[in-house]
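Please look at the model shown here and work through the questions about it.

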Amino acid sequence: MLTFQEVLLRLQRYWADQGALLWLPYSEKVGAGTMNPATFLRVLGPEPWNVVYIEPSYRPDDGRYAENPNRMQMHTQLQVILKPDPGNPQERHLKSLEAIGIRREEHDIRFVEDNWESPALGAWGLGWEVWLDGQEITQYTYFQQAGGINLEIPSVELTYGLERIVMYLQNVRSVWDIAWDDNHTYGEILADQEVDHCRYEFEYADINRVQAMYDLFEKEALLNLKHGLVVPSLDYILRCSHAFNLLDSRGTVGVTERAVFFKRMRDLSRQVAEAYLAQRDRAGFPWKKRPGLASTSASPGALMHLPLQDKVPPSVQTVPVQGYAPFLFELGVEELPASHLSTALAQWGELVSAALDAAKLAHGDVHIWGTPRRLVVYVVDMALRQADETLEIKGPPASAAFDADGNPTRAAQGFARSKGADVADLVVRETEGGAYVFVTQHVPGRAAAEVLADMLPDWIAKLRFPRAMRWNETGVAFSRPIRWLLALLGEDEVHFTYAGLQSGRVTRGPRPAGSPEVALAAATDYRPTLASYGVLVDQDARKAEILRQVQAVAAEVGGQIPDDPALLEEVTNLVEVPTALLGSFEKRYLTLPQDVLIAVMKKHQRYFPVLDARGRIMAHFVAVRNGGVDHLDLVRQGNEDVIRARYADAEYFYNQDCRRPLVEYRDGLAKLTFQMDLGSMLQKSERLEKLASWVGEQLRLSAEDMETLARAAYLAKADLATHIVIEMTSLQGIMGREYAKRSGEPAAVAQAIFEHYLPRSAGDKLPESAPGVALALADRLDSLAGLFAVGLAPTGSADPYGLRRAATGVVQILLERQLPFSTRAGLAEAARALPVTVSPESLDAAVDFIIGRLQVMLRETGLAFDVVEAALAARGENPVLAREAAQQLTAWVAKDEWRVLLDNYARCVRITRDQPRFTLHPERLREPAEQALYKALSTAEAVISPASDVDSFLTAFTPLVPFIQVFFDEVLVMDKDAALREARLALLQRIAGLAEGIVDLSKLEGF
């Protein structure tokens, strides 16, 4: 068994042997190894830098008085910086784990998206958590910015969680039981220190003095900056940071104060970064020409040629066709985030076939496949060349190309020369525009390999992701680093370069097998080669196999897996060699709320819960390993240890939360930001109380329901300040209901707290109680009005505040519960309570946004586009009335007499459309036809109002049709007599206005 100190020594020795400089822990308290100047400063600038060091890291808020098995205010990190990227940092990291006895083939080691940022340091990066049998053991990040400065050379940061790694290696359940050496435990050395720190941080630290120290530290940092003292300036920023963490752990930092603290530290960090770069520039960046770690060179791979056999479905098998060959393109990457994989596959699904068609490359079926490490295009039977083309090219007019004697002019000669033709080849043809000269040009098709070489870089460059990163000197941005390019047309390579890489015929096997490099003899070898390693490259086939496996494993204990498409897709996108395994946990944890148990499984571990026949959770879970069946018991044990620790945390949080009633957590909302300009969650909660009352009045709730609504609105957001919801926001509302019940709140209040988050996603259930409905609407209206007001409307695929979901929820609730309600009035009422000015334009935009969601939903029911537009134009603000209008109009449009009815209404609208508004003076109408029409109009107006439905309007309008026809036959509307003309136009305007507020028939096709 390796002791704690032996692990430290081996990891440092491994990285020192790789060429990293052995550095020391810093003399200041830091929240993470990133804050050590060996990282924060050295990642700046053009100089290479490779370093390894151990860093005790202090985070007061994680203190648990040494009572938690793996949470403490001081933990130990091992920090590695690789600058520049050596080309294979993941493989080097995996070999560092082998140096301490963790072999990839025996475990499930995977890379799961985890993006990092430090508001205080103005630093951020993109990367992963590295999981060992379900336990996070390392953070692996590509730095993009530090001190607010874009990094000239992105650096790779590896941060090892040493306690977690050693707990695993020593098979102990608590950090305090780790053997530090052969004679001492971790707890013997550090537990007393941990308790003392917690007592100071949570009980004795004088808040006023800590605040004063922050201010003094800031002044000292500025003093050092004034004199160009870089590292002393950073020292005082670190002291500011630790003082802030102390204040934050005591709950004294509100939303506004937090933003101010971060801005002050960020401004200081930027100045330090600039001062450091200036200092190195004055020195001439002396390390710039020194080598970094040796970069890896491209491997030719081991050539492999496998028969297709039956491992490739018939739909993908290729029967050679003369002049055709299968085409394979593989983009090899470091593990893509699960959501990015789905996004990339969808984008290529739309792009590739269209691009091939546009390039005039004949082809068979196009398959788009993907795993976390590879994006693949496989085309059955692609033409080896473009088809030859015969083009008829139009030139100058014949009159300009030939003189009166028929001789070619300079225009004709120049045109022929530009097309590589002889003047004698020109012919004259008549067109709609007259006579022009033409030349026939035969264009031979290019070789497909040449065309593809031009196209493939564009296919990569056109992929778009929510956040992309740079990783090498080319400056190319992508979701994650690109590591290899494979392109084969039949047996021949398609040569191109991208992001500093040259395409070839080498693919890589899965990580559990050591990522072997394999050179394919032909495109047809690709799928069977990967299948020989267990890789299911087709995501649909992989998803089906995972579902089959997890269901079968759950059935072994008489359980079942709940339907969860989102979790299934995420797991599918996290593995490429799926193997399901059954794990268990202690039954005592079944006393925790079932939703908590399931949320922990899904959020932290991506496990599938196992339910019994009555839908109750069993003491089992199903994990999906990325790898085969070897050493499965070892992987199972690791996952069981992880879920045990997770549930210990959840139990600790739950017990802590239950010590206080829910209402006491409400004040804690002041520390949680809703949005910078819109204030804290407490301020949102206070707005919600007022708005919910107004919504309840609009919905005509009973006095009893209004009382329930008022209490539920007061408590609705309180659970956001509880420990367990801070850890897992997916439990918001669920824990609010749980804690409300435990606090003695009425059941109706608890239910409304839960329901106000419904629906949480597509297909989710809707609130059922009247208070729940009112609270759900109020919450969404406040968010929509406020976030549109501060310019945070969704753009493209970016919707960080979930406003599409919020707007869809408003529409769903109103439609399903059949509640007539003006969303414009609701948004306007919400706007009155906001702490910002709401412009008419932003309010209109929010209304239109909701109408856009309504339009989609109405179209999905099968209603015609133009009918929906007609209904929305008049009643889109009120979803129930808009749907009713569209449904009633649909029935009228299907009637035989509809065309005549619409045409006559349209005549009244069209002739008055560009006219000013006139007042109708009936006494000026003298012709029998116009008097009869006025009488019919008066009858219709007596029964039609803006509140009428479409049926009432069209039923009342129908009798006007014969009078309108006679009117236009016998009366000259645009009479020379102005008074008479205006009277007739006013009459028609009144007819056109009958539909105002009911339906806009001008939106109908053929109007």
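The questions and answers below go from the whole chain to single elements.

This is a predicted model, in which local features need pLDDT of at least 70 and side-chain atom pairs count only at pLDDT 80 or more, while totals for chains, interfaces and linings use all residues. Residues are numbered from 1 along each chain as its sequence is written, and side-chain values use heavy atoms, with hydrogens and water left out.

Q: How many helices and strands are there in the protein chain?
A: Helices (H or I, at least four residues) and strands (E, at least two) are DSSP runs, numbered from the N terminus. By that rule the protein chain has 33 helices and 29 strands.

Q: What percentage of the residues of the protein chain count as buried?
A: Buried means under 20% relative accessible area, exposed over 50%, and partly exposed in between, with a 1.4 Å probe and protein chains only. The chain has 1007 residues, and the buried share is 54%.

Q: What percentage of contacts between residues at least 6 apart in sequence join residues at least 24 apart?
A: A contact means heavy atoms within 4.5 Å. Among the contacts in the protein chain between residues at least 6 apart, the share joining residues at least 24 apart is 70%.

Q: In what order do the five strands of the open sheet with S11 and S19 stand?
A: Two strands pair if DSSP finds at least two bridges between them. S11 (residues 324-333) and S19 are joined by seven bridges, and S19 is joined to S20 (residues 492-493) by two. The pairing in the sheet is antiparallel, and the order is S12-S13-S11-S19-S20.

Q: Which strands stand at the edges of this sheet, and why is one side of each left without a neighbour?
A: An edge strand here has a single partner strand, so one side of it is left without a neighbour in the sheet. The strands in that place are S12 (366-371) and S20.

Q: Why is strand S19 described as largely enclosed by the rest of the structure?
A: Strand S19 covers residues 482-489. It is largely enclosed because the number of its eight residues that are buried is eight.

Q: Which residue in the hairpin of S19 and S20 takes a positive phi?
A: On the strands themselves, leucine 489 has aspartate 492 in S20 as its bridge partner. Two residues lie between the strands, and the one with a positive phi, near 65°, is glycine 490.

Q: Are the residues on both faces of strand S26 buried or exposed?
A: In a regular strand the side chains alternate between the two faces of the sheet. In S26 (residues 608-611), Phe608 and Val610 lie on one side and Pro609 and Leu611 on the other, and they are all buried.

Q: Which residue of S27 stands opposite leucine 611?
A: S26 and S27 (residues 617-626) pair in the antiparallel sense over three bridges. They form a hairpin with five residues between them, where glycine 615 in the turn has a positive phi of about 80°. Opposite leucine 611 stands isoleucine 617.

Q: Which helices do the buried residues of H29 pack against?
A: Helix H29 (residues 898-912) has 15 residues and reaches 22 Å from its first C-alpha to its last. Its buried residues include Trp898, Leu901, Tyr905 and Val909. They pack against H28 (879-893), H31 (950-957), H32 (960-970) and H33 (978-992).

Q: Why does glycine 736 count as buried?
A: Glycine 736 is placed in helix H21 (residues 734-742). Leaving aside neighbours within four places in sequence, glycine 736 is in contact with Leu662, Asp719 and Ile753. Glycine 736 counts as buried because its relative accessibility is 1%.

Conventions: The expected span of a helix is 1.5 Å times one less than its number of residues.
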